Amino acid sequence: MAKVDSCLFKFRYFLYTKTRMGYFYHRREITKSTLEHPDGHSKCHPTDFVGLKIIPVPMLKDNYAYIIIETRSRKTVVIDPGDAHAVQETLKKANVTPSAVLTTHKHWDHSGGNGQMKRMYPDIKIYGGNLDRVPDVTNTLKDGDCLEIGPLCFKVIFTPGHTVGHLTYLLEGSPFGAPDSLFSGDHLFLSGCGRIFECSPSVMLNSLEALHRLPDDTLVWPGHEYAVQNLEFSVYLDPENEITRQKHLWAMKQRRKMLPTCPSSLREEKLYNPFLRLTDEVILKSLELDGCEEDIELLKVKSLTELRERKEHYKYDKI
Ligand SMILES: [Zn+2]
């Protein structure tokens, strides 16, 4: 039975990612979520630094696109416009015209608005990974590329795992007296990480470790509003962790008011995100992997695989 389910899932994933059916499914999801939340799933406000503004744009059921504005030159970049119309509304309110779209990965909820963005803003450049066949891309990127869009500098970090060509984008904060900002797509979430659709757990592990090495004050802007569910799972794994419990209570309070939970910081994530704490004693104990005298790299892969497996089957009861 499990084998039939797995084959069915692979077939549906193939249709979603490799055929136009995926795009039509995506359009239907936009219509459904717009009917449910005409003003979006969250009430988002800009985060302001000196000369820099970051605006989350709620879209679909729980996605975020982001608009980044350098306020002196008005240079504007959009991350993951799954729904181009929602992004356009916010751009109009801010009275800016975007120069570029940065796409984290090919899934339609992140890239499905690329074509419309190109039609709305003909001079715009659409960036995406060279391995992920992101729709409507005009310029491809690879690991380590530095992208300068006016005074905005982004470093490209290759983070395969969720998809084979997933990219995350690190915006340099120092020109604005701000910490760096990581736009993590479906790779890293508040207290979670993306499902591993197209790679092995060891590839995902390498990608998680690439982010683990970034400075602790890096702000994390994920592609979905999953904080309440993710923190509930983290509390289940580590019930004595007061920081996790407090963050969970805070996230529930935010969501009751339809307020977003982004950004978090890498410092916080290292305290409560189990996918960044793979060899912590508490996490290993909870996964019944404590006492395994194995090679540390093997243990990390085992821990990640088991965490993902448990998260797939965890029954959320508070949402
Ligand atoms: Zn995705």
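The donors of the zinc ion follow the spacing H-x1-H-x54-H-x23-D along the chain. Here a donor is an N, O or S atom within 2.8 Å of the metal (3.2 Å for Na, K and Ca), and since water is not among the atoms, sites may look incomplete. The protein donors are His105 (NE2), His107 (ND1), His162 (NE2) and Asp186 (OD), lying 2.2 Å from the zinc ion. The pair His105 and His162 links distant parts of the chain, 57 residues apart. His105 sits in the loop between β5 (100-102) and α4 (108-111), while His162 belongs to the loop between β9 (152-158) and β10 (167-171).

Before going on, a word about the model. It is a predicted model, in which local features need pLDDT of at least 70 and side-chain atom pairs count only at pLDDT 80 or more, whereas totals for chains, interfaces and linings use all residues. Residues are numbered from 1 along each chain as its sequence is written, and side-chain values use heavy atoms, with hydrogens and water left out.

What makes the arrangement around the zinc ion irregular? The four donor atoms subtend angles of 90 to 171°, and therefore the arrangement is irregular. For comparison, four donors count as tetrahedral if all angles lie between 85 and 135 degrees; four count as square planar and six as octahedral if opposite donors are over 155 degrees apart and all others between 65 and 115; anything else is irregular.

The helices and strands named in this report are DSSP runs, numbered from the N terminus: helices are H or I with at least four residues, and strands are E with at least two.

Now to the record. UniProt lists residues 62-224 for "domain: Metallo-beta-lactamase" in an unreviewed entry. Its positions are given in the numbering used here, feature names are shortened, and annotations may be inferred rather than shown by experiment. Over residues 62-224, the chain is 21% helix and 33% strand, and the end C-alpha atoms are 5 Å apart.

Next comes the largest pocket, with a volume of about 1300 Å³. A pocket is found on a 1 Å grid over the protein atoms alone: it is an open set of points where a 1.4 Å probe fits, with protein on both sides within 12 Å along at least five of seven lines, and lining residues have an atom within 4 Å of a point. Grid points are joined across faces, edges and corners, and the volume is the space filled by probe spheres set on the points.

Which residues lie nearest the centre of the largest pocket? They are Tyr25, Asp109, Arg195, Phe197 and Tyr226, out of 35 lining residues. The lining residues divide into 12 nonpolar, 11 polar and 12 charged. In this scheme, Ala, Val, Leu, Ile, Met, Phe, Trp, Tyr, Cys and Pro count as nonpolar, Asp, Glu, Lys and Arg as charged, and the others, Gly among them, as polar. At least two lining residues each come from α1 (2-18), α2 (20-36), β13 (192-193), α7 (227-237) and α11 (296-313). The most comes from α2, with eight residues.

Thr31 lies in helix α2. Along the sequence, Thr31 and Glu306 are 275 residues apart, and their C-alpha atoms are 36 Å apart in space.

How exposed are some of the residues in this report? Buried means under 20% relative accessible area, exposed over 50%, and partly exposed in between (1.4 Å probe, protein chains only).

| Residue | Relative accessible area | Class |
|---|---|---|
| His105 | 0% | buried |
| His162 | 4% | buried |
| Asp80 | 3% | buried |
| Ser191 | 0% | buried |
| Pro81 | 0% | buried |
| Pro58 | 15% | buried |
| Thr31 | 48% | partly exposed |

Finally, a look at the backbone. Most residues other than glycine have a negative phi, and most peptide bonds are trans. Phi of Asp80, however, is positive, near 50°, and Asp80 lies in the loop between β4 (75-79) and α3 (84-94). Ser191 also has a positive phi, near 60°, and is found in the loop between β12 (188-189) and β13. A cis peptide bond, with omega about 0°, joins Cys262 and Pro263. Pro263 is in the loop between α8 (242-256) and β15 (264-265).

Pro81 lies in the loop between β4 and α3. Pro58, in strand β2 (residues 52-59), is 23 residues from Pro81 along the chain, with their C-alpha atoms separated by 10 Å.
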